[in-house]
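Keep the structure open as you read.

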2 protein chains.
Amino acid sequence: MGALDEGHFHVELENGVMKLGSLEVGFEQEPETLAIVDAVQVLLQGLGEDINREGIKKTPLRVAKALREGTRGYKQTVKDIVQGALFPEAGLDNTVGRAGGVGGLVIVRDLDHYSYCECCLLPFQVKCHVGYIPSGQRVVGLSKLSRVADVFAKRLQEPKRLADEICLALQHGIKPAGVAVVLQCLHIHSPSLESFFLGSNHQGWVKAIVHSGSGVFEIENADAWGDFLSLLKFRGLDVGRKPLKDSMEQSWCPYQSSSSVKLVGPANPEMVNAVASILKSLGEDPLRKELVETPSHYVKWLMNFRNTNLEMKLNGFVGGIVDPHKSNGELAHGKGQIQSELNLPFWSQCEHHLLPFYGVVHIGYFSDEEGDQTKKSLVQSIVHFYGLKLQVQERLTRQIAETVSSLLGGDVMVVVEANHTCMISRGIEKFGSNTATIAELGRFSTDSVARATFLQSIPASLAS
Amino acid sequence: MGALDEGHFHVELENGVMKLGSLEVGFEQEPETLAIVDAVQVLLQGLGEDINREGIKKTPLRVAKALREGTRGYKQTVKDIVQGALFPEAGLDNTVGRAGGVGGLVIVRDLDHYSYCECCLLPFQVKCHVGYIPSGQRVVGLSKLSRVADVFAKRLQEPKRLADEICLALQHGIKPAGVAVVLQCLHIHSPSLESFFLGSNHQGWVKAIVHSGSGVFEIENADAWGDFLSLLKFRGLDVGRKPLKDSMEQSWCPYQSSSSVKLVGPANPEMVNAVASILKSLGEDPLRKELVETPSHYVKWLMNFRNTNLEMKLNGFVGGIVDPHKSNGELAHGKGQIQSELNLPFWSQCEHHLLPFYGVVHIGYFSDEEGDQTKKSLVQSIVHFYGLKLQVQERLTRQIAETVSSLLGGDVMVVVEANHTCMISRGIEKFGSNTATIAELGRFSTDSVARATFLQSIPASLAS
């Protein structure tokens, strides 16, 4: 095994064909790809979408690529990764203690990964902290700890099993005195309508902290855990004292307990079958106990974003409540003070990759009256409404601005800040990235002072 | 162009050979790879290393892989990336303003990239913020903004040119109303001995903030910049008001101004030639104006880490100052209070990848006397000494512990916290990751209360 086994060599793709020197391999033609493409077309049709619409006509292929990339761990083995990267390293000479290749704890912290929830097929984020205590005068290349974690993250998973599999694989691969793994996992909530209207904090994530230990870390209150947890503390992660307690909400995946996800009627059987065929194409067994309900969970998630014809109704509804035209027939441009509704949460689904994006919307408008709860609820409903369909952030921003302008007058500014799952859960993996979009209507489009005044009212949210 | 052109398809490597279905391509046998391998062997020999030593015998191949991967942008073109990902998107209907596919600013913030400094061949970190104002009723897939940035980052670069090239490429590729790019760049300092002994803050990075604008962003004080900079502010990046001033220290690369890097004598010509051949193998012209001095700069950097025979002398020196054996012939185990020297900075060079790693060392020991400046300076010298060679963090930790124990008694605990450039500047790209290692000598290895007491004295440093 050489250094080349350290990971993956990037191969250019041109015209949808993988080029490798003079060789060409048709990824698009592989049966697994074709099967997923077919299945995603069924899902899009089930959502009421026109699969030939420009924005989504290549979505099935994008989804196929993302899913196959995101589950490539099934085809990887840890032995190949670790074996070329074990290096001789001395321990202590004639001194009592632990250091170097014998006994000196090594821990790599804050490794960002993502995985796919086996219960609902949505990606979840993983911050991985992994360490081991070398023995036998050898250490492993640091990047291998991340690469091994990645092998198991790139499968359909559940946090505790993910931690256990990483731990076990490193124990077998390195044969150290012990391996310790702590994972902080974040799963998105289900965007239930109830949570919006009841004002519950749907922006909160389902969080889980899980751990796994082998060798000297097998005993929960072993001394070794004390050192390990202290080293995590330095990074601002206070997971408590040993013995470390896993903290995982009763239902990690919101789709696990059916009571938390109410949906009228059973899932569309064609869509369910399509998702089952995707599981099979990824190399999984759709009949595996943990996967039996996954297709219907995923379809339930997806159906939150189905295409509807409600748009006209909502516009009518809004127009009926507040007349944007004053009695003199002119739009109420730029009257009053700049008011703002900030940090209105939303969920949406990226139409290019069928992956969630979510964040907050800030809305500025002119009015003599400050915002009240009724106005806030109405605006939040509009935000919610336009989120719950296949979207792109640019369109979402425009649609919110247009609709809100009919409610709050023609001078409206909308800023949408969002995290896109498609920016982390595919080859791109830009974990800290965040997208902002702006729409400026009426006076806001011409008055830079008004724009600046509104923008200054938005509180800074430090990068997560 | 299909969705497949969105990036790179990962191909498994086994036994150093790229496997693609049943196809095998010998990356190791490609002439560019072989040339870099040869050149790195010359460099290792120039550092006084045995190129057959277990830890480094595969280093030349690892370096070749990292460099070719890190400069793959030379073989990529932006047109291919952007063209498949332009989507029709409406602007506003019958409303004055800007939104969606016409005029609605889109900005993707906090994209982590790395690039190679063309002046010294070391990687530098780039936090990229990039945006554009759509026109012509079309928007580009968000990930393309990152992928285009990556094409230019993965070349030998200088911050301002990198910003300009990203900006120009997006302007040509998307043809929007304007493109804006702001880069925050971090370059490591040169680990000069002077800076250590003069106590200057060598941990500080050389920072640069540069920007580039096209279209409506071409004018420095354009309104559009106001919106753009406000959106950056929300992420805690206050780069000031428009017009944005680039902030770049006089000499971005410490090797640019020869005065800041003192080194006795000229660089070894064989090593300089080897680096020039690497530049050529990467597809660069070693005679390009900006690259003429690069080989000697890189060799000067590298020579900070040459193998020396000083170890014995230092041990003798230390042993002469403080006798670890008390008059009764026993080591001074566990006497006195736990004292600590915290946050001692160090630089080192990873022997597996010839890439820097750097961070801080914390040392705990038992003594009745609190640490004084002399003791701190001595300990810092030891840390510095063991950093300045080809290293692995585990060995560095052990060596510091062993040497310090001869100075401060047999009961010593050492914690090293480090960022490894090899964890970000290769395929792995785990930007936030950080590695901690521990050595426990004497009483610290058996007394968990002593360990915990020392570990609690280390201040938490939130993940950067």
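Start with a residue in chain A. Phe357(A) is buried, with a relative accessible area of 0%. The model is a predicted one, and the cut-off for buried is under 20%. Phe346(A) also has a relative accessible area of 0%, so Phe346(A) is buried.

Now turn to chain B. Phe346(B) and Phe357(B) form an edge-to-face aromatic pair. Their rings are 5.9 Å apart, centre to centre, with 70° between the planes. Edge-to-face requires planes over 60 degrees apart. Phe346(B) sits in strand S13 of chain B, residues 337–350. Phe357(B) sits in strand S14 of chain B, residues 355–367. The pair therefore ties together parts that are eleven residues apart in sequence. Phe346(B) is buried, at 0% relative accessible area. Phe357(B) is buried too, with a value of 0%.

How many aromatic pairs does the structure hold over all chains? The total is 24. Phe346(A) belongs to strand S13 (residues 337–350) of chain A and Phe357(A) to strand S14 (residues 355–367) of chain A, so the pair links parts eleven residues apart in sequence.

Chain A also has an aromatic cluster. Trp301(A), Phe305(A), Trp347(A) and Tyr358(A) make it up.

Finally, look for lysines over rings. Lys389(A) lies over the face of Phe385(A), 4.1 Å from the ring centre. In chain B, Lys389(B) lies over the face of Phe385(B), at 4.1 Å from the ring centre.

Conventions: Residues are numbered from 1 along each chain as its sequence is written. Chains are lettered from A and ligands numbered from 1 in the order in which they are written. This is a predicted model: local features need pLDDT of at least 70, side-chain atom pairs count only at pLDDT 80 or more; totals for chains, interfaces and linings use all residues. Side-chain values use heavy atoms; hydrogens and water are left out. Rings of Phe, Tyr and Trp (its six-membered ring) pair if their centres lie within 6.5 Å; planes under 30 degrees apart count as stacked, over 60 as edge-to-face and the rest as tilted. Helices (H or I, at least four residues) and strands (E, at least two) are DSSP runs, numbered from the N terminus. Buried means under 20% relative accessible area, exposed over 50%, partly exposed in between (1.4 Å probe, protein chains only). A charge sits over a ring if NZ of Lys or CZ of Arg is within 6 Å of the ring centre and within 35 degrees of the ring normal.
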